[in-house]
Amino acid sequence: MPHGTVWFWAEAPRKFTQSEVEIANLAAGRIMSELEQTVLGVEAKQAVQMRKQLSAAGQMQTARLPDNQPLHHDFEIDGWTFQNGALGGGFHDWDVTPNRMIVAALGSANRCGAEGALVATSVQSAIRTLWPQVPIPSAILRGANDVLYQGIEYPWQAA
(Lines give C-alpha, C1' and ligand atoms only; values in the text may rest on other atoms or scores of the structure.)
Protein backbone atom coordinates (compact mmCIF):
# COMPACT_ATOMS: atom_id res chain seq x y z
CA MET A 1 0.00 0.00 0.00
CA PRO A 2 1.53 3.34 -0.98
CA HIS A 3 2.17 5.69 1.92
CA GLY A 4 3.70 8.61 0.07
CA THR A 5 6.19 9.69 -2.56
CA VAL A 6 9.94 10.21 -2.37
CA TRP A 7 11.10 13.01 -4.64
CA PHE A 8 14.60 13.43 -6.07
CA TRP A 9 15.75 16.64 -7.77
CA ALA A 10 18.60 17.41 -10.09
CA GLU A 11 20.05 20.68 -11.38
CA ALA A 12 18.94 19.84 -14.90
CA PRO A 13 16.48 17.35 -16.42
CA ARG A 14 18.03 13.91 -16.71
CA LYS A 15 17.27 10.22 -16.99
CA PHE A 16 17.97 7.90 -14.06
CA THR A 17 19.81 4.63 -14.58
CA GLN A 18 18.33 1.35 -13.45
CA SER A 19 20.75 1.17 -10.52
CA GLU A 20 19.81 4.72 -9.41
CA VAL A 21 16.10 3.78 -9.52
CA GLU A 22 16.85 0.68 -7.42
CA ILE A 23 18.81 2.78 -4.91
CA ALA A 24 15.86 5.25 -4.71
CA ASN A 25 13.46 2.33 -4.14
CA LEU A 26 15.71 0.95 -1.39
CA ALA A 27 15.90 4.40 0.23
CA ALA A 28 12.12 4.79 0.08
CA GLY A 29 11.65 1.33 1.60
CA ARG A 30 14.10 2.15 4.39
CA ILE A 31 12.31 5.44 5.12
CA MET A 32 8.96 3.61 5.25
CA SER A 33 10.42 0.96 7.53
CA GLU A 34 11.74 3.62 9.93
CA LEU A 35 8.36 5.38 9.95
CA GLU A 36 6.51 2.12 10.65
CA GLN A 37 8.93 1.24 13.48
CA THR A 38 8.40 4.67 15.02
CA VAL A 39 4.61 4.30 14.83
CA LEU A 40 4.76 0.78 16.27
CA GLY A 41 7.03 2.00 19.08
CA VAL A 42 4.60 4.77 19.98
CA GLU A 43 1.64 2.34 19.88
CA ALA A 44 3.51 -0.20 22.04
CA LYS A 45 4.33 2.51 24.60
CA GLN A 46 0.69 3.62 24.65
CA ALA A 47 -0.46 0.01 25.07
CA VAL A 48 1.86 -0.45 28.07
CA GLN A 49 0.58 2.78 29.62
CA MET A 50 -3.04 1.70 29.02
CA ARG A 51 -2.42 -1.71 30.63
CA LYS A 52 -0.91 0.02 33.66
CA GLN A 53 -3.90 2.37 33.91
CA LEU A 54 -6.39 -0.50 33.56
CA SER A 55 -4.54 -2.49 36.21
CA ALA A 56 -4.53 0.48 38.60
CA ALA A 57 -8.23 1.12 37.95
CA GLY A 58 -8.97 -2.57 38.55
CA GLN A 59 -7.11 -2.47 41.86
CA MET A 60 -9.01 0.65 42.86
CA GLN A 61 -12.32 -0.97 41.90
CA THR A 62 -11.44 -4.10 43.90
CA ALA A 63 -10.46 -1.96 46.90
CA ARG A 64 -13.97 -0.42 46.87
CA LEU A 65 -15.54 -3.85 47.47
CA PRO A 66 -16.04 -4.72 51.13
CA ASP A 67 -14.23 -7.62 52.68
CA ASN A 68 -15.38 -9.96 55.44
CA GLN A 69 -16.00 -7.56 58.31
CA PRO A 70 -18.02 -7.94 61.49
CA LEU A 71 -21.06 -5.69 61.18
CA HIS A 72 -23.11 -7.27 63.94
CA HIS A 73 -22.39 -9.99 66.48
CA ASP A 74 -25.30 -12.12 65.17
CA PHE A 75 -24.45 -11.84 61.45
CA GLU A 76 -21.51 -12.74 59.27
CA ILE A 77 -21.53 -11.15 55.84
CA ASP A 78 -19.11 -12.01 53.08
CA GLY A 79 -19.13 -11.49 49.34
CA TRP A 80 -17.21 -11.84 46.13
CA THR A 81 -17.71 -10.31 42.69
CA PHE A 82 -16.28 -11.88 39.52
CA GLN A 83 -15.05 -9.09 37.26
CA ASN A 84 -14.01 -11.12 34.17
CA GLY A 85 -10.71 -9.27 33.83
CA ALA A 86 -8.86 -6.38 35.43
CA LEU A 87 -11.97 -4.20 35.27
CA GLY A 88 -15.54 -5.31 35.40
CA GLY A 89 -19.11 -4.24 35.67
CA GLY A 90 -20.09 -5.91 38.93
CA PHE A 91 -20.16 -4.81 42.55
CA HIS A 92 -21.38 -5.82 45.98
CA ASP A 93 -21.53 -3.68 49.09
CA TRP A 94 -22.93 -3.67 52.59
CA ASP A 95 -22.89 -1.50 55.67
CA VAL A 96 -24.75 -0.61 58.85
CA THR A 97 -26.86 2.55 58.60
CA PRO A 98 -27.04 5.14 61.39
CA ASN A 99 -30.37 3.62 62.52
CA ARG A 100 -28.54 0.25 62.98
CA MET A 101 -29.99 -1.50 59.91
CA ILE A 102 -27.76 -3.75 57.82
CA VAL A 103 -28.02 -2.76 54.17
CA ALA A 104 -26.62 -4.70 51.23
CA ALA A 105 -26.55 -4.15 47.50
CA LEU A 106 -25.20 -5.94 44.49
CA GLY A 107 -25.29 -5.09 40.86
CA SER A 108 -23.86 -5.78 37.45
CA ALA A 109 -23.60 -3.60 34.36
CA ASN A 110 -24.59 -4.91 30.95
CA ARG A 111 -21.07 -4.19 29.69
CA CYS A 112 -17.70 -5.54 30.77
CA GLY A 113 -14.35 -3.79 30.92
CA ALA A 114 -13.85 -0.10 31.51
CA GLU A 115 -17.37 0.87 30.36
CA GLY A 116 -18.99 -1.56 32.80
CA ALA A 117 -16.62 -0.52 35.57
CA LEU A 118 -17.65 3.13 35.19
CA VAL A 119 -21.33 2.22 35.38
CA ALA A 120 -20.93 -0.17 38.32
CA THR A 121 -18.75 2.22 40.32
CA SER A 122 -21.16 5.10 39.71
CA VAL A 123 -24.17 3.06 40.85
CA GLN A 124 -22.29 1.70 43.86
CA SER A 125 -21.21 5.22 44.86
CA ALA A 126 -24.74 6.61 44.50
CA ILE A 127 -26.23 3.80 46.60
CA ARG A 128 -23.53 4.09 49.25
CA THR A 129 -24.10 7.85 49.45
CA LEU A 130 -27.86 7.42 49.91
CA TRP A 131 -27.77 4.64 52.55
CA PRO A 132 -27.38 6.96 55.55
CA GLN A 133 -30.04 9.39 54.25
CA VAL A 134 -32.83 7.19 52.93
CA PRO A 135 -34.44 4.44 55.03
CA ILE A 136 -36.42 2.63 52.29
CA PRO A 137 -34.64 0.41 49.71
CA SER A 138 -36.96 1.39 46.85
CA ALA A 139 -36.31 5.06 47.64
CA ILE A 140 -32.57 4.38 47.59
CA LEU A 141 -32.85 2.88 44.11
CA ARG A 142 -35.07 5.71 42.92
CA GLY A 143 -32.64 8.23 44.40
CA ALA A 144 -29.64 6.54 42.77
CA ASN A 145 -31.46 6.66 39.45
CA ASP A 146 -32.20 10.35 39.92
CA VAL A 147 -28.62 11.15 40.92
CA LEU A 148 -27.17 9.33 37.93
CA TYR A 149 -29.63 10.30 35.23
CA GLN A 150 -31.70 13.32 36.18
CA GLY A 151 -29.80 15.28 38.80
CA ILE A 152 -33.01 16.35 40.55
CA GLU A 153 -33.42 17.57 44.10
CA TYR A 154 -34.89 15.08 46.57
CA PRO A 155 -38.04 15.76 48.61
CA TRP A 156 -36.30 14.77 51.86
CA GLN A 157 -33.62 17.44 51.17
CA ALA A 158 -36.12 20.29 50.87
CA ALA A 159 -35.95 22.69 53.77
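Predicted model: local features only at pLDDT ≥ 70, side-chain atom pairs only at ≥ 80, totals over all residues.
## Basis of the model

Local features require pLDDT of at least 70 and side-chain atom pairs pLDDT 80 or more, whereas totals for chains, interfaces and linings use all residues. Residues are numbered from 1 along each chain as its sequence is written, and side-chain values use heavy atoms, without hydrogens and water.

## Overall fold

The protein chain contains three helices and two strands, in the order α-β-β-α-α from the N terminus. Helices (H or I, at least four residues) and strands (E, at least two) are DSSP runs numbered from the N terminus.

Of the 159 residues, 24% count as buried; buried means under 20% relative accessible area, exposed over 50%, and partly exposed in between (1.4 Å probe, protein chains only).

## Helix H3

Helix H3 comprises 14 residues, 137-150, and spans 19 Å from its first C-alpha to its last, close to the 20 Å expected at 1.5 Å a residue. The expected span is 1.5 Å times one less than the number of residues.

Ala139, Ile140, Gly143, Ala144 and Asp146 are the buried residues of H3. They line one face of the helix, because they fall within an arc of 160° seen down its axis; the arc is taken from the directions from the helix axis to the C-beta atoms. On the other side of H3, Pro137, Leu141, Arg142 and Tyr149 are exposed.

## Val21

Val21 lies in helix H1 (residues 18-64). With 35% relative accessibility, Val21 counts as partly exposed.
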